[in-house]
Amino acid sequence: MKLNINLHFHAAEDPHHSLRYSIADATAYAARVGVHALALTFHNSFTSAESYQADAQSHGVTLISGIEIDMKEDAASRRRNHIIVLNCNKDVENVQTFDDL
């Protein structure tokens, strides 16, 4: 069985984006176009999929909790990178460097 999954997804609920579509809108659309799962990866803000899972599952879509972290390579570095962390909990918001992972 082939699965279509979006592992980097933002919606209007992301406080760091000004998007017009909600998680509910996106899960309904995902179902229409054959996407089986979406990973919620808001910028520096953990979002639990649990709050939205029932609605998503009514469309046949699974949500994955996650975050997109803007972090430094190490404590001394000025260079910043984005990293996606999936299937995590709110504690991930404390991650600032790769060493913290």
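This is a predicted model: local features need pLDDT of at least 70, side-chain atom pairs count only at pLDDT 80 or more; totals for chains, interfaces and linings use all residues.
Helix H1 spans residues 23-33, and its buried residues are Ile23, Ala26, Thr27, Ala28 and Ala30. As a general point, an α-helix has 3.6 residues a turn, so residues three or four places apart point the same way. Just after the helix, glycine 34 adopts a positive phi of about 85°.

In soluble globular proteins, nonpolar side chains tend to be buried together. In the present model, the largest nonpolar core holds 13 residues, of which Phe9, Ile23, Leu38, Leu40 and Leu63 touch the most other members. Two or more residues of this core come from each of H1 and E2, and H1 makes the greatest contribution, with three residues. Leucine 38, when residues up to four places away in sequence are not counted, touches Asn6, Phe9, Ala26, Thr27, Ala30, Val61, Thr62, Leu63 and Ile64. Apart from this core lies another, made up of eight residues, including Phe46, Ile67, Ile69 and Met71.

Nonpolar residues are also found on the surface, where Met1, Leu3, Ile5, Leu7, Ile84 and Leu86 form a patch with about 600 Å² of accessible area together. The elements that supply two or more residues to this nonpolar patch are E1 and strand E4 (80-86), whereas leucine 3 belongs to the segment before E1.

With residues up to four places away in sequence left out, glutamate 68 touches His8, His10, Thr41, Phe42, His43, Asn44, His82, Ile83 and Ile84. Glutamate 93, by contrast, has a relative accessibility of 28% and so counts as partly exposed. Side chains of opposite charge can pair when their charged atoms come close. The side chain of glutamate 93 meets that of lysine 90 in a salt bridge, at 3.0 Å from N to O, and the count of salt bridges comes to one.

Note on methods
Residues are numbered from 1 along each chain as its sequence is written. Side-chain values use heavy atoms; hydrogens and water are left out. Buried means under 20% relative accessible area, exposed over 50%, partly exposed in between (1.4 Å probe, protein chains only). Helices (H or I, at least four residues) and strands (E, at least two) are DSSP runs, numbered from the N terminus. Patches are made of residues with over 30% relative accessible area and no salt bridge: like charges are joined within 9 Å, nonpolar side chains (Val, Leu, Ile, Met, Phe, Trp, Tyr) within 5 Å. Accessible areas come from the Shrake-Rupley method with a 1.4 Å probe; for residues, only the protein chains shown count as cover. A salt bridge is a side-chain nitrogen of Lys or Arg within 4 Å of a carboxyl oxygen of Asp or Glu. A nonpolar core is a set of buried Ala, Val, Leu, Ile, Met, Phe, Trp, Tyr and Cys residues joined through side-chain atoms within 4.5 Å. Contact means heavy atoms within 4.5 Å.
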